[in-house]
Amino acid sequence: MIWIQDYGIGIQVDKLQKVFEEFYQIEPPNTRHYGGLGIGLTISKGLIEAQGGKIWAESEGEGRGTTFKVVLQKADE
C-alpha cells in the first residue's frame, strides 16, 4: 500500500467517490481556482484496477486535507 496525503482544502465525504468520475470537478466552473480537465484520477483508477489494484480517497471533510491510498498486487516472480 502507498498513500499520498495533503493538508489542503479536503473533500466533502459525499464527494469522495465522485472524484474518480470522468470530467468531475469539485469546484463549480464559475468559481474554480484550479485548472485541469478532471480526467487524471479517472485514468489513474483505470490503470490501477487493470493491474488488479485498488485506489480510494479519504478525507474528514472540507479544510481537513485528503489522503489517496493505492493497493497493488504483488508481482509474479
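A salt bridge, as the word is used on this tour, is a side-chain nitrogen of Lys or Arg within 4 Å of a carboxyl oxygen of Asp or Glu. Before you select anything, note that this is a predicted model, in which local features need pLDDT of at least 70 and side-chain atom pairs count only at pLDDT 80 or more, while totals for chains, interfaces and linings use all residues. Residues are numbered from 1 along each chain as its sequence is written, and side-chain values use heavy atoms, with hydrogens and water left out.

**First stop: a pair in the helix**

The structure holds 4 salt bridges, and one of them can be found by selecting Lys45 and Glu49, whose closest N and O atoms are 3.9 Å apart. Both residues belong to helix α1, and because they are 4 residues apart there, about one helical turn separates them. Helices (H or I, at least four residues) and strands (E, at least two) are DSSP runs, numbered from the N terminus. Lys45 counts as partly exposed, at 25% relative accessibility, and Glu49 is partly exposed too, with a relative accessible area of 41%. For these words, buried means under 20% relative accessible area, exposed means over 50%, and partly exposed lies in between (1.4 Å probe, protein chains only).

**Second stop: the sheet**

Now show the strands, which form an open sheet of 3 strands in the order β1-β3-β2, with antiparallel pairing. The edge strands are β1 and β2, each of which pairs on one side only, and the twist averages 10° from one strand to the next. That angle is taken between axes, which are lines fitted to C-alpha atoms (for helices over the stretch in contact), and angles run from 0 to 180 degrees between N-to-C directions. Strands of a sheet pair through backbone hydrogen bonds, either parallel or antiparallel; here, two strands are said to pair if DSSP finds at least two bridges between them. How many bridges join β2 to β3? There are 5 bridges between these antiparallel strands, and if you select Ala57, you will find its bridge partner, Phe68, in β3.

Glu58 lies in strand β2 and Lys69 in strand β3, so the pair ties together parts that are 11 residues apart in sequence. Glu58 is partly exposed, with a relative accessible area of 33%, whereas Lys69 is buried at 19%.

Next select Arg64, in the loop between β2 (54-58) and β3 (66-71). Arg64 counts as exposed because its relative accessibility is 53%. Its side chain meets that of Glu60 in a salt bridge (2.8 Å, N to O), and Glu60 is exposed as well. Not counting residues up to four places away in sequence, Arg64 touches Gly8, Ile9 and Gly10, where contact means heavy atoms within 4.5 Å. Although Arg64 and Ile9 are 55 residues apart along the chain, their C-alpha atoms are separated by 6.4 Å.

**Last stop: Phe23**

Finally, select Phe23, in the loop between β1 (2-6) and α1 (40-50). Phe23 has a positive phi of about 70°, although it is not a glycine. Is Phe23 buried or exposed? Phe23 is exposed, with a relative accessible area of 53%.
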